[in-house]
Structures are given as structure tokens and as C-alpha cells.
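The entries follow in the order of looking.

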Amino acid sequence: MKRRRGSDPSSVRGSEERQLSVPGRNNKRARENDIEKEDAFYTRPSVRIVMPDNLKSLLVDDWENITKNQQVVALPAKCSVNQIFEDYEAEEKPKRTTGADTDVLEEVISGIKEYFDKALDKILLYRFEREQYRTLRKEWEKGSGNLADKSPLDIYGAEHLTRLFATMPELIAQTNMDMQSTNRLREELSKFTLWLSKNSNKYFATRYMTMSNEYVDKARGVPNPNPGTATSHLV
């Protein structure tokens, strides 16, 4: 709403509140808006990404190790997300017969990396892993030691990347892509999951770390009685 010169902000706000308080008319409009939003959600193209059985099993094992056994993936990963995509692109690129197909491959990989970087802390981590993430983040932000100039894409690996693919249909449903773009993306993502499945022995971690009591307390939010003591080694 544009404000007139010299008008009192409180009077403008009061006018808006009076409009919203009109019974019947505005309630009906609100219900219609809710229905339109719901219809728009259900008419969005759905993306069913192929998730091979062995990747599903690895996700279940991953969940049990972290939430039940209170362990974390040893980091940095033996093969980082960046390394995994470098290998995939090197193998997949020669199969692309046109420049447009190659461009799609590069664009999809770039998009997945961006999703991963933004989603890691907010979506992909279990609560028990967040203390590990905070500790690692301090190290790479300090710019010293083995993690200098690193990013999550250089530190995390196949376990967390597969979690992203498990949530990808939900994330894509929030975009405004048309059906053709959605189908092409689904094809590209499914092609990658099949490739990752075939190479799972190479990229997935073989060990999880059992953390110290101090780490467990921090992960649970228990105050540390000796704040100056060292934490468990995470790398």
C-alpha cells in the first residue's frame, strides 16, 4: 500500500486492520486463497527419483548408526561430494552426444551442489551430528590446518549426499518448474543414483565413530561442567 504524504503510519495500519476485520467477505476470500494454494500444490509435477535398494539399505544403516548407536560418519569423508561429482562427470560426459546434453549435465550437477550446500545444516543433519558440524565449521572458517579453505562439499560425502536425494522430490515440489523440465531433471537425478548405487562400495564410509561422553552431552544440550576441556577428535 502506498502511503500518502503526511499520513500517520498508525492510522494506515489501523485502516488495514479494519479491512481485515470485516466479517464474511474477507473470511470467504481467505478460504478461497487457501483452496487455490492447496490445488496449486497438488497439481505440481511430482518427481519420483529412482532410489536403488542398496542405497535405501545404506540410508537405514546410516540412520541406525547415528540415532541409535550415537555414532557419526568419520569426516572428512574418504570421497567428498565434490570428488564424487568429478568422477561422475568424467564418466558421464563422454556419453553425451550434443552440447545441449552436456550443458544439462553440468547444470544439474551445479544445482545439486548448491542444494547440498544450503540444505546440509538445515535439513540433512541429524540432531546428534550438529555438534560435529559446528566444530568442523569453526575449523574451515578459521582457515587453518587440514580444513583450510574447505567447504561442506569438500568434507561431507556419499551418506549425506544420498540423504539429499531422498528429500529431493519434496524440495523440487516447491519450485515452479514445468512438466518438461521436471521430467528431464528426474531422468538426470535417477541416472546419478543408479551410478552411485553401482559404485557404493567406493564412496560410502566403512566406519562410524563412537563419540566421547562430552560430545554426547553437548549433542543433547547438557551443559559442560568443564568448558575448558578438549572435545573429541572429529577428523
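I take buried to mean under 20% relative accessible area, exposed to mean over 50%, and partly exposed to mean in between. The model is a predicted one.

Entry, overall. I looked up the elements and found 11 helices and two strands in the protein chain. From the N terminus on, they run α-α-α-β-α-α-α-α-α-α-α-β-α. Of the 235 residues in the protein chain, 36% are buried. I noted an accessible surface of about 14800 Å², with 48% belonging to carbon and sulfur atoms. Among contacts with a separation of 6 or more, 78% are between residues 24 or more positions apart.

Entry, Arg163. I located Arg163 in helix 8, residues 158-172. Is Arg163 buried or exposed? Its relative accessibility is 6%, so Arg163 counts as buried. I then listed its contacts, leaving aside neighbours within four places in sequence: Leu59, Asp62, Ile66, Leu124, Leu125, Tyr126 and Glu129.

The side chains of Arg163 and Asp62 form a salt bridge, 2.8 Å from N to O. The pair links distant parts of the chain, since Asp62 sits in helix 3 (residues 53-68) and Arg163 in helix 8, 101 residues apart. Both Arg163 and Asp62 are buried.

Entry, helix 5 and helix 8. How do these two helices pack? I read an angle of about 95° and a distance of 10 Å between the axes of helix 5 (residues 99-124) and helix 8. The two helices are therefore roughly perpendicular to each other. On the helix 5 side the contact includes Phe116, Leu120 and Leu124, and on the helix 8 side it includes Arg163, Leu164 and Met168. The residues of this contact divide into 12 nonpolar, two polar and one charged.

Entry, other salt bridges. I searched the whole structure and the count came to 13 salt bridges. Arg130 pairs with Asp121, their closest N and O atoms being 2.9 Å apart. Arg130 is partly exposed at 23% relative accessible area, and Asp121 is partly exposed at 30%.

Arg134 pairs with Glu131, with 3.0 Å between the closest N and O atoms. Arg134 and Glu131 are three residues apart in helix 6 (residues 130-142), so about one helical turn separates them. Arg134 is partly exposed at 42%, whereas Glu131 counts as buried at 12% relative accessibility. I also noted one network, in which salt bridges that share partners join Glu92, Arg96, Asp101, Arg184, Glu188 and Lys191.

Conventions:
Residues are numbered from 1 along each chain as its sequence is written. This is a predicted model: local features need pLDDT of at least 70, side-chain atom pairs count only at pLDDT 80 or more; totals for chains, interfaces and linings use all residues. Side-chain values use heavy atoms; hydrogens and water are left out. Helices (H or I, at least four residues) and strands (E, at least two) are DSSP runs, numbered from the N terminus. Buried means under 20% relative accessible area, exposed over 50%, partly exposed in between (1.4 Å probe, protein chains only). Contact means heavy atoms within 4.5 Å. Accessible areas come from the Shrake-Rupley method with a 1.4 Å probe; for residues, only the protein chains shown count as cover. Axes are lines fitted to C-alpha atoms, for helices over the stretch in contact, and angles run from 0 to 180 degrees between N-to-C directions. Angles under 35 degrees count as roughly parallel, over 145 as roughly antiparallel, 65 to 115 as roughly perpendicular and the rest as oblique. Ala, Val, Leu, Ile, Met, Phe, Trp, Tyr, Cys and Pro count as nonpolar, Asp, Glu, Lys and Arg as charged, and the others, Gly among them, as polar. A salt bridge is a side-chain nitrogen of Lys or Arg within 4 Å of a carboxyl oxygen of Asp or Glu.
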